[in-house]
Amino acid sequence: MSEERFGDFVLVRRHEYVAELVLDRPKAMNAVSTDMARSIAGACAALAADRDARVVVVTSSHERAFCVGADLKERNSFSDADLMKQRPVARGAYTGVLELPMPTIAAVHGFALGGGFELALSCDVIVADRTAVVGLPEVSVGVIPGGGGTQLLPRRVGAARAAELIFTARRLEAAEAHGLGLVDRLVDEGRDRAEALELGGRMAANSPVGLRAAKRALRLGQGLDLRAGLEVEDAAWRSVAFSADRAEGVAAFNEKRSPAWPGE
């Protein structure tokens with residue numbers, strides 16, 4: 001297993017074809033400062049360009065938190081000009097995760113609040129253990145979810161449910177969050193990382209070309225009517241139909257062996 005650090009607060013570990021992006025600012029419960037936002041964006045840019053990374057799992061090095069959101073201590077020192085200057089840097093962290101071209105999984109335990117929950121929402125699948133507490137409390141401090149929360153949460157749970165959760169700023173414990181669909185898998189305490197990596201490994205056994213095309217179809221088709229969505233799917237199908245991965249997959253199936261994916 002190899003490791004690469006991006007700045008002081010993000011670590012990327014390689015587990016064969018699964019890349020683990022570790023939020024690693026434990027002294028601040030992974031509060032996203034300007035420097036940490038840059039590190040997240042930098043790590044995501046490197047992973048997006050890495051053809052050996054078939055799946056990304058986002059984890060935390062803090063035992064009691066995934067991420068508590070924006071660094072409000074840093075924000076408290078900002079002038080209005082500082083805040084405007086930081087905005088594209090902060091957005092870069094969330095869009096970096098959201099736009100990763102391969103499947104992404106968040107492994108959540110403890111607090112995942114505000115921008116922390118938005119990092120998880122930016123992933124395709126959220127695995128949470130029973131200690132997880134999630135929510136978008138931004139209106140309680142005079143702002144709104146600005147890392148994608150107003151757009152990603154209703155896509156998960158519907159407009160009315162998202163409105164209730166955002167307008168009340170309430171926190172949800174793991175069981176309720178799972179019941180409402182805010183997280184996808186609920187696992188035993190301390191098992192979120194292991195379960196997410198295991199799930200990532202199962203995904204990564206499949207064609208990297210197929211995985212990226214399937215994600216592209218899923219993401220681009222959201223919000224479209226059925227006819228338009230099927231055109232998105234057809235375009236994604238055409239992008240893989242004549243790939244080396246497709247040829248290898250069919251050959252391996254007929255030869256009753258595991259495929260050796262070319263990844264192209």
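Student: At what angle do helix α5 and helix α6 cross, and within what distance do their axes come?
Tutor: The axes of α5 (residues 149-157) and α6 (residues 159-168) cross at roughly 130 degrees and come within 7 Å. Axes here are lines fitted to C-alpha atoms, for helices over the stretch in contact, with angles from 0 to 180 degrees between N-to-C directions. Note that this is a predicted model, in which local features need pLDDT of at least 70 and side-chain atom pairs count only at pLDDT 80 or more, while totals for chains, interfaces and linings use all residues. Residues are numbered from 1 along each chain as its sequence is written, and side-chain values use heavy atoms, with hydrogens and water left out.

Student: What orientation class does that give α5 and α6?
Tutor: They are oblique to each other. The classes are roughly parallel under 35 degrees, roughly antiparallel over 145, roughly perpendicular from 65 to 115, and oblique for the rest.

Student: Is the crossing of α5 and α6 left-handed or right-handed?
Tutor: Right-handed. That term applies when the near helix is turned clockwise from the far one by less than a right angle, and left-handed when anticlockwise.

Student: Which residues of α5 and α6 meet?
Tutor: G149, T150, L153, P154 and V157 of α5 meet A159, R161, A162, L165 and I166 of α6. A contact means heavy atoms within 4.5 Å. By class, this contact has seven nonpolar, two polar and one charged residues. Ala, Val, Leu, Ile, Met, Phe, Trp, Tyr, Cys and Pro count as nonpolar, Asp, Glu, Lys and Arg as charged, and the others, Gly among them, as polar.

Student: What about α9 and α10, what angle do they pack at?
Tutor: About 165 degrees, with the axes of α9 (residues 208-221) and α10 (residues 226-241) 9 Å apart. They are therefore roughly antiparallel to each other. α9 passes α10 in a right-handed crossing.

Student: Which residues make the contact of α9 with α10?
Tutor: α9 contributes V209, G210, A213, R216, A217, L220 and G221, and α10 contributes V232, E233, A236, S239 and V240. Seven of these residues are nonpolar, three polar and two charged.

Student: And how far apart are the axes of α1 and α3?
Tutor: 8 Å, for α1 (residues 34-48) and α3 (residues 80-98), at an angle of about 40 degrees. That makes α1 oblique to α3, and the crossing is left-handed. On the α1 side the contact is made by T34, A37, R38, I40, A41 and C44, and on the α3 side by Q86, V89, A90, G92, A93, G96 and V97. By class there are eight nonpolar, four polar and one charged.

Student: Zooming out, how many helices and strands are in the chain?
Tutor: 11 helices and 11 strands. Both are DSSP runs numbered from the N terminus, helices being H or I with at least four residues and strands E with at least two.

Student: What share of the residues is buried?
Tutor: 47% of the 264 residues. Buried means under 20% relative accessible area, exposed over 50%, and partly exposed in between, with a 1.4 Å probe and protein chains only. As for contacts with a separation of 6 or more, 66% are between residues 24 or more positions apart.

Student: Where is C67, and is C67 buried or exposed?
Tutor: C67 is in strand β5 (residues 65-67) and is buried, with a relative accessible area of 0%. Beyond its neighbours within four places in sequence, C67 contacts L23, M29, N30, V32, F111, A112, L113, G116 and L119.
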